[in-house]
Amino acid sequence: MYLASLQQWEIRLVSYGIAAAIGLVAALVIQRAQRNAKKPATTVDEVRHSAEAATGAIVGVYGLVIVASAAILVLSHAPLWIYALGVPIVVWAGWWLVPRNRQIVSQASILVQGLPNRVSAFVADVPGHVRWSPGVISCVPDMAGSRGPRFRGVQQTPDGRQVGGVVELTRDEPGVEVDLVIVGAGASGDYYSFVAAQGGTLVTQKTVVQLPYVLALAGGMLMARGDDLGAHQRRVNELQALKTAFESGQ
């Protein structure tokens, strides 16, 4: 009843007030994101938080605009069909709620001359990755996690940065599979499978990158998928290094 009794100038005043409030909040969010982005990120958590802060500002502004638009439509007694325009936005947001939809997977395989049990044990020696895995600078045992042993390591990213993080050996089934999951990053990690083939072992490495919800909502999946070829080549390089290191030590 109150909304229906408002005059046109009162509706405009309320609308402008909402817009001004949103602009102020958006400015504060963007300033905070910019301050956080200037801090150097040296761990996986810091990289994730920095990225979430930057994209969170965008998502936050869009969210405020949507809320304001809905409030203005209600105040102006807009017809119901206009609200249907928001359906694509709701579908987009709902799609990225599912973790599977936020995963980017790259994999490669290679034949290693050795028994599956011995090759899988070589991969399950996580600190030993320093001797053969490209980019791994250091890796030392950490406290045990809920799903298996943990290891704290430092790795050099393709762009030259050094990033630290914790990986957890969630599965170590000799001759079958070894799973190394990055702690605090969902399903992100390296998954190795081993199958006897041609007198040796066919090793398949599957790397999963699971983006946080905020990043996916801001279009992060569209940008990350543009590196499919580069990601595949990195898997090939890693497996070739594994093969060379294992066979040379036999």
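Q: Where in the chain is the place of Q198?
A: Q198 sits in the loop between strand 6 and strand 7. Helices (H or I, at least four residues) and strands (E, at least two) are DSSP runs, numbered from the N terminus. The model is predicted: local features need pLDDT of at least 70 and side-chain atom pairs count only at pLDDT 80 or more, while totals for chains, interfaces and linings use all residues. Residues are numbered from 1 along each chain as its sequence is written, and side-chain values use heavy atoms, with hydrogens and water left out.

Q: Why is Q198 called exposed?
A: The relative accessible area of Q198 is 72%. Buried means under 20%, exposed over 50%, and partly exposed in between (1.4 Å probe, protein chains only), so Q198 with its 72% is exposed.

Q: What is the phi of Q198?
A: Q198 has a positive phi of about 50°, although it is not a glycine. Most residues other than glycine have a negative phi.

Q: Why is R102 called buried?
A: R102 has a relative accessible area of 9%, so it is buried. R102 belongs to the loop between helix 5 (87-95) and strand 1.

Q: What does the side chain of R102 reach at 2.6 Å?
A: It reaches the backbone oxygen of W96. A polar contact is a pair of N or O atoms within 3.5 Å; within protein, one must be able to donate a hydrogen and the other to accept it, and residues adjacent in sequence count only if both atoms are side-chain atoms. Not counting residues up to four places away in sequence, R102 touches residues including W96, L97, V209, Y213 and M221; contact means heavy atoms within 4.5 Å.

Q: What makes a set of residues a nonpolar core?
A: The members are buried Ala, Val, Leu, Ile, Met, Phe, Trp, Tyr and Cys residues joined through side-chain atoms within 4.5 Å. The largest such core has 20 residues, of which V112, V119, V178, Y192, F194, V203 and L242 touch the most other members. Strand 1 (103-112), helix 6 (116-124), strand 5 (177-182), strand 6 (189-197) and helix 9 (228-248) each supply at least two residues of this core. Helix 9 gives the most, with 4 residues. Another core, of 7 residues, lies apart and has W96, L211, A216 and M221 among them.

Q: Why does F246 count as buried?
A: F246 has 3% relative accessibility, so it counts as buried. F246 is found in helix 9. Its contacts, leaving aside neighbours within four places in sequence, are V112, Q113, G114, R118, V119 and F122. F246 and R118 are 128 residues apart in sequence and 9.3 Å apart in space, C-alpha to C-alpha.

Q: Why do the buried residues of helix 6 line one face of the helix?
A: P116, V119, S120, V123 and A124 are buried in helix 6. Seen down the axis, they fall within an arc of 140°, so they line one face. The arc is that of the directions from the helix axis to the C-beta atoms.

Q: What makes strand 1 and strand 2 (136-141) edge strands?
A: The open sheet of 7 strands has the order 1-7-6-5-4-3-2, with antiparallel pairing. Strand 1 and strand 2 each pair on one side only. Two strands pair if DSSP finds at least two bridges between them. Strand 1 is joined to strand 7 (residues 200-210) by 10 bridges, and Q107 stands opposite K206 in strand 7. Strand 2 is joined to strand 3 (residues 150-156) by 5 bridges.
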